[in-house]
Amino acid sequence: MATDAKVLETYALRRELTRAERWRRSVTSFIRTKPLGTFGAAVVILLILMAAFPQAFTFGKDPNVGVLSERFQGPSLSHWFGTDQQGRDLYTRIVYGARNSILIGFGVVAISSSAALVLGVVSGYFGGKFDILLQRLVDIGIALPGLIFIILFVTSIQQIPVNLRIVLAVGTLVALSQSRVIRGAAIAAKQNQYVEAARVLGASDFRIIFRHVTPNVFPVLIVGASIQVGGAVLVESSLAFLGYGVQPPTASWGRMLNEARERLTQYPHVAIFPGLVIFLTVYAFNMFGDALRDVLDPRLRGSR
């Protein structure tokens, strides 16, 4: 019995090492073959760390405290990105602004991906009149003017925090468009022979959807989600720029741009650095999502 236990323990250890080795080789291959995707992943990880631990990146500075005598200073050793109209450190405010942008971005993806998965898989699997009715409702939702819908939603519901209102509004619109892609993947998945075999063997629709159809649409869902985070960050920045996002004094990249536009020609650094951060964030998520698509979709491997 002791010998058998030792053999099983050795086998389990070797299996674990093999799994770790596979992960190491996959990561190494990704870094070697997808340099832009690796850059995007590194920026995404950095942004997540900034959102989670802003104090560690700002050395304990308060983003809402400024010195009026130091207003509109340019980049220096004491203020890496300069200061704004109230003498607040721009670098500190950009770091704290990452929290709102990342939380909203991932919140939108969580809601949109969950709703799109249910809508797309159910619609694509059952088809028929149910699919036609559901897709016409999706068409109506997609036809809505996106920005106007979001602004109306954010301004009309005051009982919940503004960040949650933005997440719900943007997540709803993204879910409708993404459900179309999931529906196509579900239609393709249900035509596989193993799905027909499962149906012949008496498997229920729920079991087929859960065990056979959903796993096949997950790569499409993951890739779409990784790209949509950048889009959600851009929408949040646009809303903050228009004055419908988080309110002062909370740091927000879009609101920083809004506050800087009146002094853009005199003090361009006040707008340049928040704009660059928004650009870098959206670019990083898009590059990472694009590389992830190439890895997860076998038809695209080696195409670049």
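Helices here are DSSP runs of H or I of at least four residues, numbered from the N terminus, and in this predicted model helix α7, which spans residues 162–190, contains L168.

- With a relative accessibility of 31%, L168 counts as partly exposed, and beyond its neighbours up to four places away in sequence it touches I111, F153 and I160.
- L168 and S204 are 36 residues apart along the chain, and their C-alpha atoms are separated by 33 Å.

**The two sides of helix α6**
- Within helix α6 (residues 146–156), I150, I151 and V154 are buried; they lie on the same side of α6 because they cover an arc of only 95° around the axis.
- The buried residues of α6 pack against α7 and α9 (205–242), whereas I148, L152 and S156, on the other side of α6, are exposed.

**Aromatic pairs**
- The model holds 11 aromatic pairs, among them W80 and Y91, whose ring centres are 4.9 Å apart with planes at 50°, so that this pair is tilted.
- This pair links W80, in the loop between α3 (54–58) and α4 (90–126), with Y91 in helix α4, 11 residues apart; W80 is partly exposed at 43% relative accessible area, while Y91 is buried at 14%.
- The rings of F81 and F273 are stacked, since their centres are 4.4 Å apart and their planes are at 5°; F81 lies in the loop between α3 and α4 and F273 in helix α11 (residues 269–296), so the pair ties together parts 192 residues apart in sequence.
- One aromatic cluster is formed by F59, W80, F81, Y91 and F273.

Terms used
Residues numbered from 1 in each chain as written. Predicted model: local features only at pLDDT ≥ 70, side-chain atom pairs only at ≥ 80, totals over all residues. Heavy atoms only, no water. Buried < 20%, exposed > 50% of the residue type's maximum accessible area, 1.4 Å probe, protein only. Contact = heavy atoms within 4.5 Å. Arc of directions from axis to C-beta. Phe/Tyr/Trp six-rings, centres within 6.5 Å; stacked < 30°, edge-to-face > 60°.
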